[in-house]
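This report goes through one protein chain, beginning with a single residue and ending with the chain as a whole. Please keep the sequence and the structure in view while reading.

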Amino acid sequence: MFTEFELATMAEQSVIKAATQVLKQEFKEKEMQFLDLSDHDFLALAMMTPSIGIALSNGSVSFFEERALNKKARKLSKGGYFLEKDPVVHAMQFLIKNFKDWRSAFFGLLHTCMQETFDLQAVTADEGASRSMSDTEFRLAIMRSPYALIRFIGTFFMEDDQDIFSARSVLEVEHKAIHDIGEELGLTNIPIFNKICETTFHIR
């Protein structure tokens, strides 16, 4: 999962900064006119979008899911651990309320972030490549993958990067949400992502 400082570095990249500011202005005008977010915190909100999508796959966000989302938001926000009222946690409520209306736009921003931080083409291969990996090859492939790619996957779908190596049971509807989000973000074209889905997420 990205650290606050890694996210701050990403937010300063010119293409990402411009895309963030455009979406932030639109979201602010339509959803949160009285809440001001920095570019860093709005990018943190965008990074929460896949996790929100998975939480909402059941139709609503449970109490425990909300606690997990709030914890992740505080880790990503600027100084979030030290703020009594974290702005990303606050803004997240507006996004959850009208998630379907904003999903595509926020995923578009995330795709731009990935394009600007690692070579998407270089990690894309034939669809069958991930299925031929042994567990040892899988772990080695994780180690050889671009650092940013693993950070993105960890931030989008897990609580911690180390969870990639730990099996986790999910509901069928959540498993489908993970696949659909990965497909929308272009991650299903990446063998290592498909192998992570196969190895890490098990349907209850």
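## A buried ring pair

In this predicted model, phenylalanine 42 has a relative accessible area of 0%, so the residue counts as buried, the cut-off being under 20%. Phenylalanine 106 also has a relative accessible area of 0% and is therefore buried. The two residues form an aromatic pair, with 5.4 Å from centre to centre and 40° between the planes, and the pair is tilted. Phenylalanine 42 belongs to helix α3 (residues 39-47) and phenylalanine 106 to helix α7, so the pair ties together parts of the chain that are 64 residues apart in sequence.

## Other aromatic pairs

The count of aromatic pairs comes to 11. One of them joins phenylalanine 27 and tryptophan 102: the ring centres are 4.9 Å apart and the planes stand at 80°, so this pair is edge-to-face. Phenylalanine 27 lies in helix α2 (residues 14-30) and tryptophan 102 in helix α7, so the pair ties together parts 75 residues apart in sequence. Both phenylalanine 27 and tryptophan 102 are buried.

Ring pairs also link a cluster made up of Phe2, Phe118, Phe152, Phe156, Phe157 and Phe193.

## Helix α7

Helix α7 has 19 residues. From its first C-alpha to its last it reaches 26 Å, close to the 27 Å expected at 1.5 Å a residue. Which residues of α7 are buried? They are Phe99, Trp102, Phe106, Phe107, Leu109, Leu110, Thr112, Cys113 and Met114. An α-helix has 3.6 residues a turn, so residues three or four places apart point the same way.

Aspartate 101 is also placed in helix α7. Its relative accessible area is 59%, so aspartate 101 counts as exposed, the cut-off being over 50%. From C-alpha to C-alpha, aspartate 101 and isoleucine 181 are 15 Å apart in space, and in sequence they are 80 residues apart.

## The nonpolar core

The largest nonpolar core has 67 residues, of which Leu45, Met47, Phe152 and Phe157 touch the most other members. Helix α7 (residues 99-117) gives the most to this core, with eight residues.

What does phenylalanine 152 touch, not counting residues up to four places away in sequence? Its contacts are Phe2, Met10, Met47, Cys113, Met114, Thr117 and Phe118.

## Salt bridges

The structure holds seven salt bridges. One of them joins the side chains of arginine 151 and glutamate 6, at 3.2 Å from N to O. This pair links distant parts of the chain, with arginine 151 in helix α9 and glutamate 6 in helix α1 (residues 4-11), 145 residues apart. Arginine 151 has a relative accessible area of 15% and is therefore buried.

A salt bridge also forms between glutamate 184 and arginine 103, whose closest N and O atoms are 3.0 Å apart. Glutamate 184 is in helix α10 (residues 172-185) and arginine 103 in helix α7, so the pair ties together parts 81 residues apart in sequence. Glutamate 184 is partly exposed at 36% relative accessibility, and arginine 103 is partly exposed with a relative accessible area of 22%. Lysine 17 and glutamate 12 form another salt bridge, with the closest N and O atoms 3.7 Å apart. Lysine 17 is partly exposed at 27%, whereas glutamate 12 is exposed at 53%.

## A loop residue

Serine 145 sits in the loop between α8 (135-144) and α9 (147-157). Is serine 145 buried or exposed? With a relative accessible area of 15%, serine 145 is buried. Leaving out residues up to four places away in sequence, serine 145 touches Ile150 and Ile192.

## The chain as a whole

The chain has 11 helices and two strands. Read from the N terminus, the order of elements is α-α-α-α-α-α-α-α-α-β-α-α-β. The C-alpha atoms fill a box of roughly 50 × 40 × 30 Å along the principal axes.

A compact globule of 204 residues would have a radius of gyration near 17 Å, and the 16 Å of the chain agrees with that. Of the 204 residues, 49% count as buried. Among contacts between residues at least 6 apart in sequence, 76% join residues at least 24 apart.

Note on methods. Residues are numbered from 1 along each chain as its sequence is written. This is a predicted model: local features need pLDDT of at least 70, side-chain atom pairs count only at pLDDT 80 or more; totals for chains, interfaces and linings use all residues. Side-chain values use heavy atoms; hydrogens and water are left out. A nonpolar core is a set of buried Ala, Val, Leu, Ile, Met, Phe, Trp, Tyr and Cys residues joined through side-chain atoms within 4.5 Å. Buried means under 20% relative accessible area, exposed over 50%, partly exposed in between (1.4 Å probe, protein chains only). Helices (H or I, at least four residues) and strands (E, at least two) are DSSP runs, numbered from the N terminus. Contact means heavy atoms within 4.5 Å. The expected span of a helix is 1.5 Å times one less than its number of residues. A salt bridge is a side-chain nitrogen of Lys or Arg within 4 Å of a carboxyl oxygen of Asp or Glu. Rings of Phe, Tyr and Trp (its six-membered ring) pair if their centres lie within 6.5 Å; planes under 30 degrees apart count as stacked, over 60 as edge-to-face and the rest as tilted. The radius of gyration is taken over C-alpha atoms; the globule rule is 2.2 Å times the number of residues to the power 0.38.
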